[in-house]
Protein chains: 2
Amino acid sequence: MKITRIRDAVAKIPSPMRNAVISFDKMTISLVAVETDVIREGKPVIGYGFCSNGRYAQSGIIRERLAPRILEADPDDLSDEAAGTLDPHAIWAAMMSNEKPGGHGDRAFAAGGIDMAVWDATAKILGQPLWKLLSDRYNDGKHDDRVLVYSGGGYYYPGKEKQGLQDEMRQCRALGYKLMKMKIGGAPLAEDMKRIEWALEVAGDGQNLAVDANGRFDLDTALTYARAMEKYNLCWFEEPVDPLDYLAHAVLCDATSMPIATGENLFSVQDFRNLVRHGGMRTHIDWLQPDPSLCYGLTESLRILDMADRAGWSRRRAVPHGGHQLGLNMAAGLGLGGTESYPGVFKPYGGFADDIPVVDGYTKPHNTPGIGMELKREMFSEMRRLMEFT
Amino acid sequence: MKITRIRDAVAKIPSPMRNAVISFDKMTISLVAVETDVIREGKPVIGYGFCSNGRYAQSGIIRERLAPRILEADPDDLSDEAAGTLDPHAIWAAMMSNEKPGGHGDRAFAAGGIDMAVWDATAKILGQPLWKLLSDRYNDGKHDDRVLVYSGGGYYYPGKEKQGLQDEMRQCRALGYKLMKMKIGGAPLAEDMKRIEWALEVAGDGQNLAVDANGRFDLDTALTYARAMEKYNLCWFEEPVDPLDYLAHAVLCDATSMPIATGENLFSVQDFRNLVRHGGMRTHIDWLQPDPSLCYGLTESLRILDMADRAGWSRRRAVPHGGHQLGLNMAAGLGLGGTESYPGVFKPYGGFADDIPVVDGYTKPHNTPGIGMELKREMFSEMRRLMEFT
């Protein structure tokens, strides 16, 4: 059993939106395909993956460091003979050989794209959906038949603030979402509070609405916002401050009854361990949001969940960032709290299987082998085209 | 005043050595040249830089993200009219635009290479050595006429352990070094203690010797090593544990009288702030070792020094990693504790000006405009050749 080739390509996912910190008009992601010599249904098994949105393509690191190390390793060391498929943990170790500790940034995104493709191939070789494999290996055979999904969005609409925001949220409701997230921090506090009230007119209940500051605030501003928002009983306040300012998180968690959510900009078990140790996050109300396709992949995400478990965190308080099918497979197979989704942006990479709708805030896992990318037809066809499969 | 072009190239710096964590046989760095339309001595000013060793070349991030943003910015926003030269802080902000918070890894190395070239050009336009510019702007005009340098090395020599190590250390003494560093953690404790005793036979005094575990140990092992080494009165114990395990640093600093040194694998002011806040490091005996060419450059290093200053750290306790002339300029101009050097490895990029020797453990700053790279003739000629200057 052998990995015969690793392809990658850059996909453009420009979007006219901006959050409180960056604009997305030049955003790119790396696509990855891991080709094997294992034949299933008459064809070699190919695993597909991509780096998640927000952090740009990583072709340099994939081509110059990570992919060559996998292809140079002894194939016998990269498969799990007893399981009859690839060994994603061994492949992860091979691609990370001769990498120094610390520095968990772009390398983590490159590794995340490859690792996603490796897990897709690993599940396909077994003829199982990835969530089923995760359930069997890491969740005592349990899984969730339905997974909470929430919509990331709630952008600013200069010139038509109320109409634009409410229209977007009504569209999300029409698509089946119940819990919806909106941006804050791109306007003065009073204006953001008006926007929250407009959003609540559509969301109905505070528990159907979360807010996201994208790490923009200093501690003073975050405290002021938290106090102003407490009365709305919102589901969470996401990335109130710089993701690495653990002390600010601790002060905030001590000072407010609002649930705090963060993690999409932490990319290693070391960084999450520091958040858990030093960030004062509360295991009963706060949320951890790793993006498995950015933080060195599902392989490192399993370590993050283990570390959090040992620190008293229920898996139900983990809700992956990224709005992709890997997050959905993890949520269903590992019993997480849910997963993000981006209706309307980062197309065609955001969202889940074409024919499995969101109903009353939940979606269902798929039933084909692997991650299920073939069930997103436009995305899958673009991935094949950009990576020059014929 | 305008940056007209940014070149980069990959240089191979293979080395047969390995530390406790990685081998260096495929190590590369990125070279950078920032070309301007400013004429000095009849020729356009060009600034040169490179990413430091240990973290690989970063051509993808330089070419796809950072360099284009600088070239697309309005040149008027990138120069400092009052000072009559480029504005490295504005250029840094331009190259980091549309980058999300967190994730301080490979991006930091790419930025470090560009930022080094920008500061080289900035000082050349003023006709000043970089250390002089730093002294004037950030050190009330004070500078050091001589800078402590220590040798990084002390490798393992399989089959000729004692002879190999002592020969290497004698060569360092012959080159003028007094304080020398050696690797530990690549052998069992008893063997490492023997190696320390062999090294002390050459170094003479424990204060002339530091040890480096390259972040390999878990806390238990680091504690055991620290207790075993206390009797040698060594200068410091470097990277005892994972660079991001602040709690382990705090336990270690509480438990041992040995000075602890770390920082080469922290790459942002946020990460150093966490070390200072949560790592229990002692301002009177421990050491901070940022690598300015890896941690987003001199520009971010100034922020790190400011943060440390506000937390009670003297600049004398900062000793840059990397063994390059940027560290030497910073040490001389900002009044740091010294800088690292690698006699014999990472050639030709390690080390200082060809004609300025190390004497009794100290070297002197240079007197030409910029960082002084032109004074390392073999390095400078290789940089010009690899970046295809004619």
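In chain B, three strands make an open, antiparallel sheet, ordered E1-E2-E3. The model is a predicted one. Strand E1 (3–12) and strand E3 (43–50) of chain B are the edges. Each has a single partner strand, so one side of each lacks a neighbour in the sheet. On average, neighbouring strands of this sheet are turned by 25° against each other, direction ignored.

Look next at the pairing itself. Strands of a sheet pair through backbone hydrogen bonds, in either a parallel or an antiparallel way. E1(B) and strand E2 (residues 28–40) of chain B run antiparallel and are joined by nine bridges. Within this region, B:Ala9 has B:Leu31 of E2(B) as its bridge partner. Helix H1 (residues 59–72) of chain B packs on the sheet. H1 touches E1 and E2 of chain B, and its direction makes about 165° with that of E1(B).

H4(B) lies across E1, E2 and E3 of chain B and runs at about 145° to E3(B). H4(B) has a helix partner as well. The axes of helix H3 (residues 88–95) and helix H4 (residues 106–126) of chain B come within 10 Å, crossing at roughly 155°. Angles over 145 degrees count as roughly antiparallel. H3(B) and H4(B) are therefore roughly antiparallel to each other. Their crossing is right-handed.

Which residues of H3(B) and H4(B) meet? From H3(B) come B:Pro88, B:Ile91, B:Trp92 and B:Met95. From H4(B) come B:Ala111, B:Ile114, B:Asp115, B:Val118, B:Trp119 and B:Thr122. By class, this contact has eight nonpolar residues, one polar and one charged.

Now turn to chain A. Its three strands form an open sheet in the order E1-E2-E3, with antiparallel pairing. Strand E1 (3–12) and strand E3 (43–50) of chain A are the edge strands, and each pairs on one side only. From one strand to the next, the twist averages 25°. E1(A) and strand E2 (residues 28–40) of chain A pair antiparallel over nine bridges. A:Val10 stands opposite A:Ser30 in E2(A). Helix H13 (residues 377–386) of chain A packs on the sheet and touches E1, E2 and E3 of chain A. The direction of H13 makes about 110° with that of E1(A).

How are the chains related? Chain A superposes on chain B by a rotation of 180° with 0.0 Å of shift along its axis, at RMSD 0.0 Å. The two copies are thus related as by a two-fold rotation axis. Of the interface residues of chain A, 100% are also interface residues in chain B, so the copies meet through the same surface.

Definitions and conventions. Residues are numbered from 1 along each chain as its sequence is written. Chains are lettered from A and ligands numbered from 1 in the order in which they are written. This is a predicted model: local features need pLDDT of at least 70, side-chain atom pairs count only at pLDDT 80 or more; totals for chains, interfaces and linings use all residues. Axes are lines fitted to C-alpha atoms, for helices over the stretch in contact, and angles run from 0 to 180 degrees between N-to-C directions. Helices (H or I, at least four residues) and strands (E, at least two) are DSSP runs, numbered from the N terminus. Angles under 35 degrees count as roughly parallel, over 145 as roughly antiparallel, 65 to 115 as roughly perpendicular and the rest as oblique. A crossing is left-handed if the near helix is turned anticlockwise from the far one by less than a right angle, and right-handed if clockwise. Two residues are in contact if their C-beta atoms, placed from the backbone, lie within 7 Å. Ala, Val, Leu, Ile, Met, Phe, Trp, Tyr, Cys and Pro count as nonpolar, Asp, Glu, Lys and Arg as charged, and the others, Gly among them, as polar. Copies are superposed by least squares on the C-alpha atoms of residues with pLDDT of at least 70 in both. Two strands pair if DSSP finds at least two bridges between them.
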